[in-house]
Amino acid sequence: MTSYVGVVSGLRPKMRRAIIMIQDIVMVLVAVALSLALSQSKLSFEALSFTGLAFWASVIVLSHALFRYCGLYNTVWRFASTPDFFNILKSCAILTVTLYGASLLVRSFQPTTGLNERQFIVFFLVSFTIISAPRLYYRFLREGASWRILSRGADKALTRQALFVGRLSEADVIIRFTRTAEPAEYSIAGIMAIEDGAPLGTQIQGVPVVGIRPHLVEILEEYAKGTENLDLLIFGNGVEREIDDYAELVRVARHSGIAVVQFSGFSELGQAGKLVLDAVEMETILRRSTVPSDIERIGAFVSGKRVLVTGGAGSIGRILVKRSLELGAGAVLVADISEFGIFQLDQSINEKDHERLKSRIIDVTDRRQMTRAVSEFRPDIIFHAAALKHVPLLEENWEAAIQTNIFGTLVCAEVAAKCGVPQFLLISSDKAVDPTSVLGVTKRAAEQIVSSLHETHGIAPNGRRSGTKFIAVRFGNVFGSNGSVATIFQAQIEAGGPVTITDRRMTRYFMTVAEAVDLVIMAATDAHSRHGKDDYAIYMLDMGKPVPILEVAETMIRMAGKSPYTDIPIRFTGIRPGEKLHETLQGENEEIVTLDIAKIFGLRTDVVAWPRIQAALTALQAAMRDQDKASALAMLAGLNQAEKLPAAPRQETTPKTVEQAG
């Protein structure tokens, strides 16, 4: 029978439709004959006489016209469903009533025996059955529920058992298509419905609904423990936006060794009927909902602006550049010291955006180069992403860290003020909070520079800002950025291990690159319209709960198709210089202020007076000339004992630069 399916499927659509029409006509004639035979009726005329042939011809014309009118040939058999079989029922009922009415009319003119209500009732039942049966059987064969089901045990090992998480309507489609694949790749063992009030315990095409909200995580945990053969968790399209437990479901599945994919559509809807299942990226292990982006708001802010991104060839800078172009920036200038990084970025930009993209190979600590670039490009906003950020490496290379992270920030900020750039935004780090590393103290110093300039620069007597607005954005680790644990673990896994972790207790805050970039732009958007006491120098993101680094490593190993500790060993090396077990986003003397932006906050923090910063930076330059690391770090630690500036009055003039002060 499967060969019949193959033959019919291979025909042209018009040829298939013609065969179906002929088949239906034959079925109607067979139904007439069977109804007469089953009711043991004897017609008063011969079947092959003129009257008999006229009768058969009338039945053929009438049935064909009626079936076409009722739309029986507008349905693809493979997708035949309840409404289609109801349509057949309706067509057969109308045909039966019509034939019965015609027989009454004929008998009023010419007496005819062998026709009564009993024959027509039998005809209705037989015609509906034998016209529906081929369609039902074809779908039965096409969905793989035919002889292959009987032999499923032989190749059961090749079929991956899966749970589906999503809407019931989508589950119906997915189950149908998983049965269509040749050979069968997936078998849906249960459905976890996301609709409120979904009917628990009911079945869709024989597959039970095993879980409903809000107990999806608990059900998955129980199901994973009790079902050793569960291989796959399939999320419906867009589920991540509809349920809060998405990331936790991914985490539970990964922890149980269950692969996770997401349904995104179909391919080859003709014969193969294959599902398109995309791998769930590692970003989904975050134990929180992603921060929604107000595209309309940030788009209106960026559209038409001239944007300069320092460190634009780095992980965050690269996405900032692309995002600015996507949002309609008038022009974007990439300032980076890495020639190869700029080349890679240039190769990844769409051809239509190349005209708006400019690149300069610049060291952000070079005041002359930065002044020339800014004065020539005339940006509306500077995103300062250039920084050194590798904690253990910077413990040894402390001078480079201070030069880039502190004096690079100072140079860019002062050039922005000198050239009248409306807005300057520093990308900061959670390591600036209660810093214990060279990276942390340099990022904290950069924040203090920006906060002090925010308080003292360009405030007119009316309280409104007339010069450059300085702000900083603080967040945790960006998953997948250069040098992040994701890239390090990935390289170690590809090399066969071991995966090295400093301490099994270590946790970190994580966010996606897309979130980080949209947060930065949203902070700039919000800061643009703020003045007076509600004007914040530092913004931060509610990043939810910190994620154990050990869990990240185990999850990535499972994603690579390996088993932690068995296929890929995990080795604990001890905490490195400057590292913390747990990071924080808020310092002791900082107050979090809720804004009208989802999960983005303002920070009220102590601010160091600009003259004190100038003096500290001058002393820091002297310590660097003497290569005195202890004095340099002591000087930076001293800045943490900040003096709170009064809210008013604020200076109206631009502060002197460190060069001028020195």
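Select Glu447: apart from neighbours within four places in sequence, Glu447 is in contact (heavy atoms within 4.5 Å) with Leu426, Ser428, Ser429, Ala432, Arg474 and Ile538. The model is predicted, with local features needing pLDDT of at least 70, side-chain atom pairs counting only at pLDDT 80 or more, and totals for chains, interfaces and linings using all residues. Residues are numbered from 1 along each chain as its sequence is written, and side-chain values use heavy atoms, leaving out hydrogens and water.

Glu447 lies in helix 16 (residues 438-456); helices are DSSP runs of H or I with at least four residues, strands are runs of E with at least two, and both are numbered from the N terminus. Glu447 has 0% relative accessibility and therefore counts as buried (under 20% relative accessible area, with a 1.4 Å probe and protein chains only).

Next, select strand 11 (residues 381-384). Ile381 and Phe383 on one side, and Ile382 and His384 on the other, are all buried. Strand 11 runs parallel to strand 8 (residues 306-310), joined by four bridges; strands pair if DSSP finds at least two bridges between them. Val307 stands opposite Ile381. Strand 11 also pairs with strand 12 (residues 423-427), in the parallel sense, over four bridges. There, Ile381 stands opposite Gln423.

Finally, select helix 13 (residues 367-377) and helix 15 (residues 398-418). Their axes, lines fitted to C-alpha atoms over the stretch in contact, come within 10 Å and cross at roughly 40°. The contact is made by Arg367, Met370, Thr371 and Val374 of helix 13 and Val411, Cys412, Glu414, Val415 and Lys418 of helix 15.

Methods. Axes are lines fitted to C-alpha atoms, for helices over the stretch in contact, and angles run from 0 to 180 degrees between N-to-C directions. Buried means under 20% relative accessible area, exposed over 50%, partly exposed in between (1.4 Å probe, protein chains only).
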